[in-house]
Amino acid sequence: MSNDGLDAEKLQILARWAAGLRADQRDELAAAGRAIELLIEEIERLHVLLWGRQLYPEPTRTLETVWSQPPGEGDGEADGSPGEPKAEAAVTDDVGATLRRRLLRRFHSESPTHS
């Protein structure tokens, strides 16, 4: 069994089979032809999505992007850290310590070496 996947030529062959089945008078074969056409459309849609991601990959997060992000967005602090009440943390920590803790937590959770 080949591992080449469905290239354009194979999709064209499937489309011809689907058209032939759709033209058949028997309802079951016409329905099978339509099902093949739907699958071909879905494959083509997924190819477009895949190419879009390859051409425009999601940007990697840098320290600058994390630093510029408003507090509470995805850093785990908006819903409270386990064992550390918000009010207590605000009173006991200064701004520098809070920022360092957020940055360390974010980079440790997103680092490929720590996953």
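Below is a chat about a predicted model of one protein chain.

Me: What elements does the protein chain have?
Reply: Five helices and zero strands. From the N terminus on, the order is α-α-α-α-α.

Me: And how confident is the predictor, on average?
Reply: This is a predicted model, and the protein chain averages a pLDDT of 74. Of the residues, 58% score at least 70.

Me: Where is confidence highest, and where is it lowest?
Reply: Helix H1, residues 8-22, is at the top with a mean of 94.

Me: OK, packing. How much of the chain is buried?
Reply: Buried residues come to 12% of the 115 in the protein chain.

Me: What about the contacts, how many link residues 24 or more positions apart?
Reply: Taking contacts with a separation of 6 or more, 50% are between residues 24 or more positions apart.

Me: And what's the accessible surface?
Reply: About 9,400 Å² for the protein chain, and 60% of that belongs to carbon and sulfur atoms.

Me: Where does Tyr 56 sit?
Reply: Tyr 56 is in the loop between H2 and helix H3, the latter being residues 63-68.

Me: Buried or exposed, and why?
Reply: Tyr 56 counts as exposed because its relative accessible area is 66%, and the cut-off for exposed is over 50%.

Me: Switching to charges. How many salt bridges are there?
Reply: Searching the whole structure turns up five salt bridges. Side chains of opposite charge can pair when their charged atoms come close.

Me: Give me one in H2. What does Glu 42 pair with?
Reply: Glu 42 forms a salt bridge with Arg 45, and their closest N and O atoms are 2.6 Å apart. Both residues lie in helix H2, three residues apart, which is about one turn of the helix.

Me: Why do Glu 41 and Arg 34 count as partly exposed?
Reply: Glu 41 counts as partly exposed because its relative accessibility is 43%. Arg 34 gets that label because its relative accessible area is 32%.

Me: What does Asp 24 pair with?
Reply: Asp 24 meets Arg 26 in a salt bridge, with N to O at 3.0 Å. Asp 24 is partly exposed, at 24% relative accessibility.

Me: Last one, Ala 35. Where is it?
Reply: Ala 35 is in helix H2, which covers residues 27-55. Ala 35 is partly exposed, with 36% relative accessibility.

Me: How far is Ala 35 from Arg 22?
Reply: Their C-alpha atoms are separated by 9.5 Å, and the two residues are 13 apart along the chain.

Conventions: Residues numbered from 1 in each chain as written. Predicted model: local features only at pLDDT ≥ 70, side-chain atom pairs only at ≥ 80, totals over all residues. Heavy atoms only, no water. Helix = DSSP H or I, 4+ residues; strand = E, 2+ residues; numbered from the N terminus. Buried < 20%, exposed > 50% of the residue type's maximum accessible area, 1.4 Å probe, protein only. Contact = heavy atoms within 4.5 Å. Areas by Shrake-Rupley, 256 points an atom, 1.4 Å probe, with all protein chains shown as cover. Salt bridge = Lys/Arg side-chain N within 4 Å of Asp/Glu carboxyl O. pLDDT = per-residue confidence, 0-100.
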